[in-house]
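Please keep the sequence and the 3D view open while reading.

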Amino acid sequence: MATTTVTGDFDLTMDELRAVARYAVESAEQVLPVFEAAVPDDTRPRAAVDAAREFVDGAKRSRLQRVTALDAHRAAAEADTEAVRLAARAAGDAASAAYLHPIAKATQVGHILRAAACAARVAELAAGGDPEAGERSVEQARRRATPVLVDLLSRYPAAPRGKARVAHLMSSLDDALR
């Protein structure tokens, strides 16, 4: 019988995990074309997005999400540009969202919001580094957040503040959702 709840510092239901994965996969799908245009023969990020979408659509969590997430992160590590790296990373984050841990640590917030922050940074880079493009993307991500996602996010501490632009965008999104 499938587990319907994951327990830790608090409980997470499969429906809540699917809401997180849906949010992450929507972000990853926005930027996946950036990766595929740059590295058309590398299917690892696409496989991660597809695995995430399967979970979102009701499939059980499986080894598929774990393996494809790691593969997409490997593709990110091999990328030649920041935009391509972030697009692959967002895909990996989407697949790994099925395994968000119910542990009240700020680092877990990355599993919820980092794909959207990566997409925001890719938007900035596509606009010649314009920070307003990133902030517009953050606002769009804020509007996409469901009440279930916002409620789940509130169980975690605030996103860690970092110096990197993706960390800043993630913190901005986190602040906007709280």
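His168 is found in helix α8 of this predicted model. With a relative accessible area of 40%, His168 is partly exposed, because that class runs between the 20% and 50% cut-offs.

Two neighbours in the sequence can be described in the same way. Ser62 belongs to the loop between α2 and α3, while Arg63 has its place in helix α3, which covers residues 63–78. Is Arg63 buried or exposed? Its relative accessible area is 65%, and anything over 50% counts as exposed, so Arg63 is exposed. Ser62, with 27%, is partly exposed.

The table lists the accessibility of these residues.

| Residue | Relative accessible area | Class |
|---|---|---|
| His168 | 40% | partly exposed |
| Ser62 | 27% | partly exposed |
| Arg63 | 65% | exposed |

Ser62 and Tyr99 are 37 residues apart along the chain, and their C-alpha atoms are separated by 9.4 Å. For Arg63 and Asp174, 111 residues apart along the chain, the separation is 29 Å.

Helix α1 comes next. How far apart are its end C-alpha atoms? They are 35 Å apart. The helix has 25 residues, and at 1.5 Å a residue it should span 36 Å, so the two values agree. The expected span is 1.5 Å times one less than the number of residues. Helix α1 also has a kink of about 40 degrees at Val31, shortly before the proline Pro33.

The largest nonpolar core of the model contains 59 residues. Tyr23, Ile112 and Leu113 have the most contacts inside this core. Elements that supply two or more of its residues are α1, α2 (44–56), α3, α4 (82–96), α5, α6, α7 (147–153) and α8 (165–177). The largest share, 11 residues, comes from α1.

The lining consists of Ser27, Gln30, Ala116, Ala119, Ala120, Ser137, Gln140, Ala141 and Arg144. By class, four of the lining residues are nonpolar, four are polar and one is charged.

Open space is described by the largest pocket, which holds about 170 Å³. Its lining is made of Gln65, Arg66, Ala69, Leu70, His73, Ser96, Tyr99, Leu100, His101 and His111. Which helix gives the most to the lining of the largest pocket? Helix α3 does, with five residues. The lining has four nonpolar residues, five polar residues and one charged residue.

Note on methods:
Residues numbered from 1 in each chain as written. Predicted model: local features only at pLDDT ≥ 70, side-chain atom pairs only at ≥ 80, totals over all residues. Heavy atoms only, no water. Helix = DSSP H or I, 4+ residues; strand = E, 2+ residues; numbered from the N terminus. Buried < 20%, exposed > 50% of the residue type's maximum accessible area, 1.4 Å probe, protein only. 1 Å grid on protein atoms, 1.4 Å probe; cavity = no way out; pocket = protein on both sides within 12 Å on 5 of 7 lines; lining within 4 Å. Nonpolar A, V, L, I, M, F, W, Y, C, P; charged D, E, K, R; others polar. Bend = angle between axes of the 7 residues up to and from the residue. Core = buried A, V, L, I, M, F, W, Y, C linked by side-chain atoms within 4.5 Å. Points joined across faces, edges and corners; volume = space filled by probe spheres on them.
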